[in-house]
Amino acid sequence: MTDTSQFYDQADRWLRRMLELNPVWATEAGDHRWDGCLADRSVAALENENQETKDALAAFEKMTRTEFDIDTEIDHTLMVQILKSLVRRHETVRQHHRDPTYYIDEVTTGVFLLIMKEFAPLKDRLAAALERSRATPRVLDQGMANLIAKEVPAVWAEVALEQARQAASLFTELLPKLAADAAPDIEEDLRLAGETVAGSFEKYSHFLETEVLPNAKGDFAIGRELFDEMLRENHMVDYDSDELLDTGWRLIRETEGLMSELARGIDPVKPVAEILDMTKADHPTAEGLLQAYEEAMQAARQYVIDHDIAGIPGNETLRIIETPVYLRPILPYAAYMPPGIFEERQDGLFLVTSVDSGATAEAQEEKLRGHNFAKLPITALHEAYPGHHLQLVWANRGKSVPRRLGIMLSTLFIEGWAFYCEELMEKLGYIDSPIQRLARLKDQLWRAVRIVIDVSLHTRGMSVKEAVDLLVERCRLEPTNALAEVRRYTAHPTQPQTYLMGKLALLDLVEEYRKRKPDIALREMHDAILACGSLPPSLMRRVLL
């Protein structure tokens, strides 16, 4: 028989070991003992890590759980499923052999986190960045040794080549510039290290261009069997890819019907597409883009407070920054980086993809049209308040380590919550103009199309071009932004479906919860939901009901 303390002690030991082996993850989590290190990405090291994960999984699965209460039982389920997903990623997806961005992410994220997360004086963080800069050539060399060109999907090689060509500026320009004021004693060291890193990225880019891309014959599609397995194991849902695809098309038709009805009230003559295209012309200037998001974010936060929608913990902050150049090929609009699960100060980052000053006037206008004022407030509330930032700050308050790790398993509740908040804020009057409501439905249509593309890319043979065309034709996305979206979908099977499917699961949960407690206040209900952490809705249902 396993008692509760034994389970939690073992979970803590496994996590601490994984943080030691993955220093960038440790920095992200808020454990700063290895801030100057990068992971060993040699095949031998990765195989050893996978074996440690399998050993931990076997130990958890052998536990006798008769004495576990409901919370411990749920935490145990989380740990088992998280470890299974890690083993699956290594042994079945095999990203260390197939994804060139795996190595780019290690080095760029490792430095980016040190720059942007203000957990220590900048001088100390730059000193850690110097050590990670010096370790970067090793990681990129390991990537070149590990990648099997014929198994790399061409679309992943293309993304990696774009990122590799842009990443060096993080080391050659930004780090020395920051050091000039904050750490002049290591400015020259950073400059020299940056030159070495630039050479390594040039070498890596050449490798991708001449050896990987010409031979990249791998298939990004994971196939129906693995896709359905991930639906069951990661997201803990009872639908398979066939049912999911049917649901996606049904939601597309329903949402298009709602959009047509609303559009007739705006202009009885113009079609929906024309009305939406007209709204795109009303957008911030390139120079005022971040300020526009800042104002929208603050307005949404105040609305949450004024209307008692959910509690806002006192230790949180959220900063809006420009999306780093190397991430722009896969983040066309905006994204969110949560605070670490161990960070005392919960400082989130709201990334906004701004305009490339070197792009043509036409390309700049196309990018800005995606940040139009009809859509911008919806994006702000989705990413910030009461969306991702608020939810993940709550999740990081979880009493147990496993509960704080829910984000590793499934985004079904995480994305579902943020999308639920869009409709919630409309019902409460925050999104009040017909044009904004139409823009909100357009985003819902986009999420419905994501479901169809997610299933079709990975189980039905859909090509990248066909997926891009579907987003452009059905959702009116700009082609460059649609391509960035689809590239991301190819690398993250079952994640794109979590937005709308997660929202629907949450709406069902809220309806049932209100039936049980018909007099409950909105904030009390939302706080109870948020206090569960980032659980898949099926597990959250066990906690709440």
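Guide: Gladly! Contact here means heavy atoms within 4.5 Å, and helices are DSSP runs of H or I with at least four residues, numbered from the N terminus. This is a predicted model, where local features need pLDDT of at least 70, side-chain atom pairs count only at pLDDT 80 or more, and totals for chains, interfaces and linings use all residues. Residues are numbered from 1 along each chain as its sequence is written, and side-chain values use heavy atoms, leaving out hydrogens and water.

On the α4 side, Q81, K84, R88 and T92 touch L226, E229, M230 and E233 of α10. By class, this contact brings together four charged, two polar and two nonpolar residues. (Asp, Glu, Lys and Arg count as charged; Ala, Val, Leu, Ile, Met, Phe, Trp, Tyr, Cys and Pro as nonpolar; the others, Gly among them, as polar.)

Now follow the axes: those of α4 (residues 70–93) and α10 (residues 224–233) come within 11 Å and cross at roughly 160°. That makes the two helices roughly antiparallel, a label for angles over 145 degrees. The crossing of α4 past α10 is left-handed.

A cavity is a set of points on a 1 Å grid where a 1.4 Å probe fits but cannot get out, and lining residues have an atom within 4 Å of a point. The second largest cavity contains about 100 Å³. Its lining has 14 residues, with K280, R369, N372, K375 and K442 closest to the centre. Helix α12 gives the largest share of that lining, three residues.

Note on methods:
Axes are lines fitted to C-alpha atoms, for helices over the stretch in contact, and angles run from 0 to 180 degrees between N-to-C directions. Angles under 35 degrees count as roughly parallel, over 145 as roughly antiparallel, 65 to 115 as roughly perpendicular and the rest as oblique. A crossing is left-handed if the near helix is turned anticlockwise from the far one by less than a right angle, and right-handed if clockwise. On a 1 Å grid over the protein atoms alone, a cavity is a set of points where a 1.4 Å probe fits but cannot get out, and a pocket is an open set with protein on both sides within 12 Å along at least five of seven lines; lining residues have an atom within 4 Å of a point. Grid points are joined across faces, edges and corners, and a volume is the space filled by probe spheres set on the points.
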